Amino acid sequence: MQHKTSPARRRLGLAAIALGAAAAVAPGLLLAQDWPTRPVKLVVPFPAGGSTDAVGRLLAAELSKELGQSVVVENKGGANGNIGSDVVAKAEPDGYTLLLSGVGSNAISYSLYQSMPYRDSDFAHISLLATGPNVLVANMDFPATNFADFIKLVRANPGKYTHASSGNGSSGHLAMEMLEQAAKIDLVHVPYKGGAAAITDMIGGRVSVMFLNQDTLLPQVKSGKLRALAVASAKRNPAYPDTPTVAESGYPGFAAESWFGLSAPAKTPPAIIQRLNQATVKALASPDIRQKLESVGFVVVGNDPKAFAAFVQSEISKWGGAVKASGARMD
């Protein structure tokens, strides 16, 4: 004989089921709803004063407004950004430790270093912030004054001319390796410990050409101390409007750009990642941050986590090929 369940008992049963379901997801939801309740740390994996630090501080100021909590920059330099990136990879996935990710530590390093303390799967990528091309510059005494003549000159004189870089495995070093492969040219690599020393010797005429980040080179190009021959982005850069791209100069698809993104430890709750993404995209729309980044040649992006994650994978693949072709290795 079947017993009928009263409406009141059915309601109690449904309420119990709903309560159980809520309890199963409550930790993540409650964390996302309450977050952030204290300051958020943004790890910049390079020393204070460089491009990465400048972008990190601009973002932190705007994110503080959007999130209603202080976003504090912490510089943890070393090993081309790997030390600071590893700190975030191993941090608690609670939304309170973020990484100013970039092309070196989050794309090039995976192929360049013999062993890595972290992998791309250790991160939840939030948004691509901005990109900026490497720019090919020559000293003012270099015989070629445009990109086409540069290619003709170095192709006719293999091994005669030098190219500087800010270090083995830097994006500028690898950009030239990619161009050497594409254009069938051969230059002698002269690595420096940072871009400043390379620029000094470029201006002094001790090295012929180099690829370096657009913001670092802009003052030297504007003042006539160095000559820009080409930019390594898909489209011309607004800060270098009269400088052709490598792609439009006979090498379609050629691109070698530095980039900055915002990432968090893997397993950070999706709701927090989404909140951070929305706040980041709003921050990047700020006229102040856009003006400051665009004035030195950065292209402001701001995209969703899925698009940024796919971008990182494509960068790992592209730069991995350049590292292999160059033979560069770091211990």
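I call a residue buried under 20% relative accessible area, exposed over 50% and partly exposed in between (1.4 Å probe, protein chains only). The model is predicted, so I took local features only at pLDDT of at least 70 and side-chain atom pairs at 80 or more, while totals for chains, interfaces and linings use all residues. Residues are numbered from 1 along each chain, and side-chain values use heavy atoms, without hydrogens and water.

Entry 1, salt bridges. I counted a salt bridge where a side-chain nitrogen of Lys or Arg is within 4 Å of a carboxyl oxygen of Asp or Glu. By this rule I found 12 salt bridges. E62 and K65 form one of them, at 3.3 Å from N to O. I noted that E62 is buried at 7%, whereas K65 is exposed at 61%.

K282 meets E66 at 3.5 Å; K282 is exposed at 54% and E66 partly exposed at 29%. K90 meets D86 at 2.4 Å, with K90 exposed at 55% and D86 buried at 16%. I also listed K41, E74 and K76 as a network of salt bridges.

I took the bounds from an automatic or database domain assignment: domain 1 is 40–131 + 257–326 and domain 2 is 133–249. How many residues are in contact (heavy atoms within 4.5 Å)? I found 16 residues of domain 1 in contact with 21 residues of domain 2. Between domain 1 and domain 2 I counted zero salt bridges.

Conventions. Contact means heavy atoms within 4.5 Å.
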